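Please look through the following structure together with this short report, which takes up a few residues and then a sheet.

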Amino acid sequence: MRKELKGIAASKGIAVAKVYKLQEVDLTIEVPSEVVVTEEISKLETAMSATLSQLDEIKAIALNKLGEEEAQVFDAHKLILEDPELIGQVKAKIENENKDAATAIMEVTDFFVMMFEGMDDEVFKGRASDIKDVRKRFVANVLGRKIPALSTINEEVVIVAEDLTPSETSQLNKEVTLGFVTNIGGRTSHSAIMARSLEIPAVVGTGNVVEMANDGDIILIDGLDGNVILNPTSDEIASYQEKAAQFEEEKKLWQEFKDKPTVSKDGYHTELVANIGTPNDLEGVINNGAEGVGLYRTEFLYMDSTELPSEEVQFEAYKKVLETMAGKPVVVRTLDIGGDKELSYLKFPEEMNPFLGYRAIRLCLDRDDIFRVQLRALLRASVFGNLKIMFPMIATLQEFRDAKKILFEEKENLIAEGFQVSDDIEIGIMVEIPSTAMMADTFAKEVDFFSIGTNDLIQYTMACDRMSEKISYLYQPYNPAILRMVRNVVNAANAEGKWAGMCGEMASDPIAIPLLLGMGLHEFSMSATAVLPSRLQIASLSKSEIEQAIDEVLNLSTADEVEQFVKERLM
């Protein structure tokens with residue numbers, strides 16, 4: 001029976017093949033009537049050794065198929081498995097609470113999974129998938145059960161699954177696995193990232209594809225628009241094959257823009273840069289022709305550690321990014337933790353609304369011992385490239401002044417200690433709070449640059465939790481109120497001879513790009529894979545023509561009217 005589903009387009013492309021339903025390994029735990037502690041500890045240690053060996057084998061497969069960057073996820077998996085805090089808690093449950101090894105693993109990892117899944121940032125949610133992946137393999141080894149091997153598939157299929165873990169995705173043979181579709185997941189999950197590296201189409205987050213599909217059904221997946229059709233008609237298959245051919249031609253066109261500057265049809269130059277979370281993301285930045293790094297989310301250094309990362313650890317990470325980018329600009333955001341991003345080793349206060357609470361620059365100014373370590377590492381690394389430092393969650397000018405004062409104090413300390421520090425570091429702020437956007441003209445007199453964080457700016461301006469499905473209709477990037485704020489920031493920067501960029505999702509939105517170009521945005525920061533299609537789009541637009549229509553757009557009443565205007569007149 002023909003059925004249609006809608007999901008998230010996670011990896012571009014179109015595929016038609018038979019359904020291969022991935023059967024989950026049975027992890028049902030039969031709790032023994034009497035737990036023998038020594039036996040359970042022995043099971044734990046044997047399973048841990050087996051899991052580590054399997055991860056080494058999977059990494060070797062991933063190195064061959066996907067390359068060094070994607071294979072490094074399995075080093076992260078080994079770190080999770082060897083985390084002394086995690087293993088210590090598991091052993092404590094066995095020894096002190098008489099838990100069997102499998103139950104102890106499940107209970108301890110549940111805490112970490114819940115913590116990461118509760119976060120607002122999709123990248124951090126991906127950490128929950130990592131922990132689940134390691135846990136499944138670990139518990140399966142404790143129970144003596146085998147995990148299905150996707151590498152043994154020998155006919156053309158599209159995999160249908162609740163989710164695909166990194167270790168499962170790494171085993172895919174793209175000669176026979178033409179794509180995959182899942183119930184859950186997002187564009188930034190590891191499976192989606194790996195699918196893009198394998199260049200196979202993927203649609204995630206469909207909700208119920210596993211329940212709707214049967215082994216042997218024909219399935220069509222559209223990784224361009226997130227469409228899934230079970231048992232499509234012959235006419236639908238022909239139509240999508242034509243769409244696939246058009247996409248292949250478009251990809252060839254993108255590559256022609258890889259090493260070109262970002263210039264509009266009428267000669268206006270802007271910069272397309274990429275967002276990264278770790279130094280491992282740099283390969284994608286370079287391969288997609290980004291002109292720099294517009295947002296380095298340094299919180300990953302803290303999230304991936306069991307303790308506050310030292311100055312030396314941070315210095316090496318920042319140095320690697322700066323050296324790799326070889327003089328291209330690198331905007332580093334200082335620690336943005338709190339709200340939805342907590343650290344297991346750092347105590348946060350209980351708050352009614354942590355998103356508006358003790359977080360980001362507020363935490364750093366209060367705990368300047370943590371802040372100073374990061375600033376010292378950044379300043380030491382500054383001589384290895386073109387560093388720009390950005391403070392997040394700035395609400396008042398005094399916060400910026402206080403943060404800058406601490407930065408300059410550490411610069412003087414380092415010079416006194418004999419370290420070299422660049423004299424050419426731009427210092428800016430993220431504009432993600434409405435008060436800052438409205439006072440941009442005042443801030444522009446003191447900052448070197450702005451980077452507009454639209455993900456938060458939209459939700460704070462619209463009083464809309466962007467993770468709430470019930471009010472998702474209020475998350476409106478094209479709302480005239482948001483657009484007026486963006487223009488206010490850009491105009492304020494221009495008036496003081498400064499520059500303004502954008503590092504939220506809106507920066508790569510095809511509807512928003514013409515408007516941002518017309519407003520004169522200087523820098524667009526986005527995921528690396530969005531750079532080339534965005535560059536192609538900008539090359540087709542005339543900034544001067546759009547500029548003449550901006551006032552008319554900003555005087556429209558609704559987001560829907562703005563979207564319609566752009567589609568009819570500016571694209």
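## Glutamine 314

Glutamine 314 is buried, with a relative accessible area of 0%, where buried means under 20% relative accessible area, exposed over 50% and partly exposed in between (1.4 Å probe, protein chains only). This residue lies in helix 13 (residues 311-325); helices (H or I, at least four residues) and strands (E, at least two) are DSSP runs, numbered from the N terminus.

This is a predicted model, in which local features need pLDDT of at least 70 and side-chain atom pairs count only at pLDDT 80 or more, while totals for chains, interfaces and linings use all residues. Residues are numbered from 1 along each chain as its sequence is written, and side-chain values use heavy atoms, with hydrogens and water left out.

## Two polar contacts

The side chains of glutamine 314 and tyrosine 302 are joined by a polar contact of 3.2 Å, that is, a pair of N or O atoms within 3.5 Å; within protein, one must be able to donate a hydrogen and the other to accept it, and residues adjacent in sequence count only if both atoms are side-chain atoms. Arginine 137, found in helix 6 (residues 122-143), counts as buried at 8% relative accessibility, and a polar contact of 3.1 Å joins its side chain to that of glutamine 54.

Eight strands form an open sheet in the order 1-8-7-3-4-5-6-2, with mixed pairing; two strands pair if DSSP finds at least two bridges between them. The edge strands, each pairing on one side only, are strand 1 (3-6) and strand 2 (8-11).
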